[in-house]
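Q: Hey, I've got a structure here and I'm new to this. Can we go through a few spots together?
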Amino acid sequence: MSGPAGGAGWTDPEDREQQADVTRRLLYHLNAPVADHCRLLGVLPAPGAVRIAIRAGEGEHVMDLLYEIPNDTVTPYWIPGLLRTVLTGPRIHSGSDVDEVMGMTLVRLRPEEITPDPEPEQGRALTVVRALSGPGDDENPFLIGFLMRGDGLLRLYVQRADRPGVIGADIRLTEIPATALIASLPSLVEEEQYRRPAPDDPHCDLLVDLTG
């Protein structure tokens, strides 16, 4: 049986930041399955890696798995996709990559050999909404609503503290997080070239089309 020696005090700042990011991203899966009949049990820190605990199966056919992913091989954004790939298809792991920890089967993954499944539309929407609704914005929120419109489209309802009215901003959800778009959104909604009326949406005063 293996495990980190000396407890968790070994975690360096970069590892801690990565593991905290993975934890935040996977909180969604406490309510939504990671894959069919696979639910999240936890996220655990390990030396230079993060370990994802998964309960796979149903009824009498249940197995608790602990997938170890090295921190320096993949960004947190891709980890849910890696897990979906591993959990939805047969994979052969060498004996050196399998162990037992805390009653769970530990599997050390090699991310460079795995093609992550694309993030579902709901997961991509969650990434955008979470990025725009930080806890520090409670007194002066920018994002005040959203609507998934299908075909990879997301409408964000935003409001500038220094401007009256609600703006509906349409963006296209991509498989790669639109980090630059999210960061630029407060200024982009002020650009006249993107603005148009919103006659069919009573929840906003005007629309901004950022799908391009």
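Q: Which residue in strand 8 does leucine 154 stand opposite?
A: Leucine 154 faces isoleucine 171 there. Keep in mind that this is a predicted model.

Q: OK, and how do strand 7 and strand 8 pair?
A: They run antiparallel, with six bridges between residues 153–158 (strand 7) and residues 167–172 (strand 8).

Q: What's the order of the strands in the open sheet?
A: It goes 6-7-8-10-9, five strands with mixed pairing.

Q: Which strands stand at the edges, and why?
A: Strand 6 (143–150) and strand 9 (195–196) do. Each has a single partner strand, so one side of each has no neighbour in the sheet.

Q: Which strands does helix 3 touch?
A: Helix 3, residues 121–132, packs on the sheet and touches strand 6, strand 7 and strand 8. Its direction makes about 165° with that of strand 6.

Q: Switching topic: where's glutamine 18, and is it buried or exposed?
A: Glutamine 18 is in helix 1, which covers residues 13–26. It counts as buried because its relative accessibility is 16%, and the cut-off for buried is under 20%.

Q: What does glutamine 18 contact, leaving aside neighbours within four places in sequence?
A: Asn71, Val74 and Pro76.

Q: And methionine 102, buried or exposed?
A: Exposed, with a relative accessible area of 62%. Methionine 102 sits in the loop between strand 4 (98–101) and strand 5 (104–108).

Q: What's its phi?
A: Methionine 102 has a phi near 55°, which is positive although the residue isn't glycine. Most residues other than glycine have a negative phi.

How values were computed:
Residues are numbered from 1 along each chain as its sequence is written. This is a predicted model: local features need pLDDT of at least 70, side-chain atom pairs count only at pLDDT 80 or more; totals for chains, interfaces and linings use all residues. Side-chain values use heavy atoms; hydrogens and water are left out. Helices (H or I, at least four residues) and strands (E, at least two) are DSSP runs, numbered from the N terminus. Buried means under 20% relative accessible area, exposed over 50%, partly exposed in between (1.4 Å probe, protein chains only). Contact means heavy atoms within 4.5 Å. Two strands pair if DSSP finds at least two bridges between them. Axes are lines fitted to C-alpha atoms, for helices over the stretch in contact, and angles run from 0 to 180 degrees between N-to-C directions.
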